[in-house]
Amino acid sequence: MATLNPPREELHSSGPAREGVWGWLTTTDHKKIGILYGGSAIVFFLVGGIEALLIRVQLAVPNGEFLSADSYSQMFTMHATTMVFLVVMPAAAAFTNYFLPLLIGARDVAFPRLNAFSYWVFLFGGIFLTTSFFLGGAPDGGWFGYAPLSTQLNEVVRMDYWALGLQFVGLASLLASVNFITTIFAMRAPGMTLMRMPVFVWMALVINFLLLFSLPIITVGLIEVFLDRNLGTLFFDAANGGDPILWQHLFWLFGHPEVYVLILPAMGVVSEILPTFSRKPLFGRSFVIFSGIAIGFMGFGVWAHHMFTAGLGPVAEAAFALTTMFIAVPTGVKIFNWLGTIWGGSIRLATPMLFSLGFIAMFVIGGLSGVTHSIAPADWQQTDTYYVVAHLHYVLFGGAVLGLLGGLYYWWPKITGKMLHEGLGKIHFWSILVGFNLTFAPMHLLGLNGMPRRTYRYPEGLGFEFWNFLATLGSFLIAASMLVLFWNIYRTWRRGEVAGPDPWDGRTLEWTTSSPPPVYNFAQIPVVEHEDDFWHRKYTTSEDGTSVAIDPPPNMDLEPDANIHLPSPSFYPALAAAGMFVILMGLVYLPWGLVAVGAGFLATMWGLFGWSMEPLTREDH
Amino acid sequence: MSVNDGDTGVGSRVIERTLHRKRTLLMLLLFAAILVLSACAGTDRLGIDSIADSDLPQNSLDPAGPAARSIDGLWWLVFWIATAVFVMVEAALVFTIFKFRRRDGKDRPVKQVHGSTRLEIAWTIVPVVLMAALAIPTIATLFELRAEPDPSENALQIGVTGHQWWWEFYYPEYGITTANEMHIPAGRAVYLTMTSADVIHSFWVPRLNGKRDLVPGRTTNLTMEADEPGLFFGQCAEFCGIAHADMRQRVFAESESDFAAWAAAQAEPVTPPTEGLAAAGWDTFQISCSSCHAIDGTSAVAKLAPDLTHFASRTTFAGASIARTDGHLREWLRNPVDLKPMRPEFNDLSAGRVLGMPDLDLTEQQIDELIAFLDTLE
């Protein structure tokens with residue numbers, strides 16, 4: 001680590017955009033890595049969105065011929081894979097990277113170079129998965145890759161891309177989880193007890209434990225799929241004593257905790273936004289936190305509800321139906337506490353708040369349709385139909401995506417120093433809300449009326465025409481609403497209003513810093529005395545229980561500490577990740593790909609060796 | 001005042017005209033979209049409209065048998081409970097927003113409430129009670145529907161094997177093998193014993209029962225029963241590869257006597273035709289088709305593709321995805337993958353792997369002969 005003690009102006013001016021491509025490539029600053037995650041998530045969101053639109057055009061009319069069955073299989077497989085692993089997870093990682101240290105009063109994460117490595121592994125994994133479209137076809141066996149379909153045609157490489165690509169992005173998340181958990185436990189500011197941590201940080205902690213424990217399971221499964229395909233290991237080959245159901249257990253034992261990995265970040269974001277825009281503390285804070293922890297634990301005990309028709313015995317089905325019903329309880333507790341938070345508040349309907357309220361409204365629908373799935377016999381009708389497609393989009397789009405978009409509007413001024421335009425933000429919110437419901441509400445009916453999912457066409461006469469057409473219209477409205485966001489971002493970049501350090505009258509520590517924050521985050525590490533510490537520095541409570549501004553307001557313009565330790569930039573994490581990318585490419589095209597495997601291995605070793613030999617304290621001057 | 005009124009009148013007329021123009025534009029755009037998308041629509045070769053007795057022939061909420069009906073009952077129970085919760089929560093949300101939103105952008109003093117243990121306990125217990133209320137009928141129905149039919153019910157046994165991308169139905173009592181179209185007696189339980197020859201499929205006829213997966217190397221079971229004679233539509237519900245959407249099935253529920261007549265006719269072996277176009281077709285069949293297809297009573301015994309013994313008694317072919325007409329058969333025989341996506345390039349007959357019917361390079365003459373032959377298989 002470099003010891004920095006430069007003049008103050010210089011520290012302030014080292015904003016992210018100044019150092020060029022090399023600066024971004026070698027950065028170990030958690031804020032820059034957060035921006036990289038966020039930017040990548042937006043790009044992949046465009047990719048996944050285009051895939052979605054192609055799917056909707058194909059299904060707009062019966063017997064669609066816009067896409068071939070072959071490209072359709074690739075589209076729905078990659079749409080899910082992209083949105084789950086390359087959009088929602090990195091978007092959550094973006095906020096966690098950028099704000100976790102700021103929220104707990106730290107100057108960076110525990111392992112900055114590991115953090116950079118996580119990002120580069122994720123990015124190369126995303127590129128690896130996406131380029132498959134141009135290299136012989138993208139994965140086409142579903143994002144859930146049920147064996148033996150996923151192990152079937154080993155003459156074509158598509159599911160190799162899937163098995164290796166998921167492995168790769170999974171590695172990124174696994175490394176990040178170790179990093180974030182350590183950061184939370186080891187790097188909190190003095191006085192920042194666990195129960196004083198912002199709820200977003202709590203949710204990040206739960207998510208990263210979920211990742212830490214669930215990713216190894218899918219790692220094993222994916223290795224088995226890859227070996228079955230390439231070496232004939234017979235893990236899932238029933239004719240030779242293997243078991244296709246085993247894959248389903250492995251996949252969903254990862255896959256269901258993964259659902260909470262996708263939704264809990266949005267719950268964390270919303271738990272920050274609602275108090276800020278209601279000017280009240282989060283209602284039942286400890287209950288919100290503990291219900292999040294409960295969801296984390298229970299999330300590992302419900303996986304077989306994805307397998308109610310797979311042929312498990314009735315006792316197993318009953319057991320998993322019960323656990324699934326009761327995971328609705330902590331989820332309900334959260335929703336009631338959010339209502340309690342805004343009740344009696346002074347609600348300011350700014351864009352971040354609109355998205356958060358939209359999140360609650362839509363997530364309730366997704367949660368309730370989830371309860372209908374727990375009624376196992378009813379699920380025998382619903383599973384693998386568009387009803388499930390509707391449900392999961394109400395949770396992951398109406399829930400996770402709306403929540404994260406709320407976070408984008410909320411934290412954008414902190415990250416860039418400029419305010420996104422409120423009017424455009426509101427247009428974005430209302431058009432995406434209408435478009436979303438137009439697209440996904442009809443799918444409930446389609447599913448109940450008997451339309452299975454993952455079907456590239458449907459015949460006339462089954463009554464699917466009208467709702468499908470409506471859903472396609474809605475999907476284009478969603479696309480148009482996203483264009484409003486991109487226009488807003490462009491407009492703000494050109495001539496956005498300057499935000500100042502605390503535009504929303506925030507409650508937590510990130511708002512004590514300048515916007516964007518200086519490279520060292522905090523001039524002096526704050527000493528925390530309360531939950532919502534910044535609020536308590538600005539306001540005191542009067543006798544009737546209302547808050548009164550403290551006069552004079554707290555001085556946030558502090559002299560930086562004399563010796564601030566910041567991580568040095570390093571080129572090695574990106575190099576090691578690039579080497580691993582070459583290894584993966586080689587593994588797809590066995591056996592002659594072994595040459596690339598060798599070359600990639602050397603590059604990776606060079607990266608890891610250089611990384612481990614790098615001096616911890618570099619003398620810059 | 002009057003000037004103002006006039007102004008407003010003109011203004012509103014202008015606005016109206018603009019709105020009107022916008023609406024016209026919107027309608028035009030919508031129309032264009034429909035036109036463009038219709039161009040993407042292919043030919044319907046199935047004609048469900050003309051044979052289904054319902055607008056929603058796969059509607060799970062329109063049960064036509066006891067199993068589907070108990071599921072339907074459970075569904076409406078959970079639906080109304082969920083709807084009640086939905087209305088209450090959304091109403092509370094909207095009410096709270098309207099009641100406590102800032103008016104004219106003005107902040108007001110707010111009581112800093114941190115929570116209430118009493119409320120927390122209440123809204124933990126209420127969902128627990130609701131879930132318990134749902135759990136009891138759920139578990140009861142689950143065990144009831146998963147039970148084997150009582151021997152006294154004299155259930156009809158049918159073996160189901162899923163293939164990429166068609167269904168094989170075997171009636172052990174009658175020694176009948178057929179494909180994609182299942183005939184059952186109405187008012188009597190049918191007990192399916194199912195497995196898969198390749199990947200996982202899922203048997204689903206929504207109006208008769210929920211779905212059940214077919215897993216290679218395992219057997220699964222499903223009991224279903226149709227109250228009345230009728231035609232029931234279904235399709236594979238587990239993604240099974242490229243033609244998953246075209247892996248459909250039909251269930252014909254018939255009176256006991258019609259069913260008995262059907263079974264007796266199906267059990268009849270075939271005597272190949274000896275003269276005319278059909279005889280030439282039989283010759284072609286033996287050369288080009290019999291390495292995969294079987295016809296009971298003849299030298300064609302391969303079981304890699306649908307059994308064609310009484311092919312002409314079926315209403316459809318190709319995984320019940322195409323109506324069986326001579327025109328469709330002709331298109332099919334010219335090149336099957338034009339009508340249904342398959343992967344015949346990966347067929348390996350010696351290993352028993354068939355992923356679809358290849359283009360057999362038949363001449364138009366051979367196609368005529370084959371159709372004439374197939375039409376004799378009643």
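This is a predicted model: local features need pLDDT of at least 70, side-chain atom pairs count only at pLDDT 80 or more; totals for chains, interfaces and linings use all residues.
Biologist: How do you know that β2(B) and strand β3 (residues 176-179) of chain B are joined, and in which sense do they run?
Modeller: The two strands are joined by 4 bridges and run antiparallel. Two strands pair if DSSP finds at least two bridges between them, so 4 is enough. A strand here is a DSSP run of E with at least two residues, and a helix is a run of H or I with at least four, both numbered from the N terminus.

Biologist: What lies between the strands in the hairpin of β2(B) and β3(B)?
Modeller: There are 4 residues between those strands, and B:Gly175 takes a positive phi near 65° in this hairpin.

Biologist: What does strand β1 (residues 156-163) of chain B do with β2(B)?
Modeller: These strands pair in the antiparallel sense over 5 bridges, and B:Gly159 has B:Tyr170 of β2(B) as its bridge partner. They also form a hairpin, with 2 residues between them.

Biologist: Why is strand β2 (residues 166-171) of chain B called mostly covered?
Modeller: Buried means under 20% relative accessible area (exposed is over 50%, partly exposed in between, with a 1.4 Å probe and protein chains only). In β2(B), 5 of the 6 residues are buried. Across chain B, buried residues make up 49% of the 378.

Biologist: How do you know whether chain B is spread out or a compact globule?
Modeller: Chain B has 8 helices and 12 strands. Its radius of gyration is 30 Å, well over the 21 Å that the globule rule gives for 378 residues, so chain B is more spread out than a compact globule. The radius is taken over C-alpha atoms, and the rule is 2.2 Å times the number of residues to the power 0.38. Those C-alpha atoms fill a box of roughly 100 × 60 × 40 Å along the principal axes.

Biologist: Over in chain A, is A:Thr82 buried or exposed?
Modeller: A:Thr82 has a relative accessible area of 1%, which is under 20%, so it is buried. Its place is in helix α4 (residues 69-104) of chain A. Not counting residues up to four places away in sequence, A:Thr82 touches A:Phe44, A:Gly48, A:Glu51 and A:Val87, where contact means heavy atoms within 4.5 Å.

Notes. Residues are numbered from 1 along each chain as its sequence is written. Chains are lettered from A and ligands numbered from 1 in the order in which they are written. Side-chain values use heavy atoms; hydrogens and water are left out.
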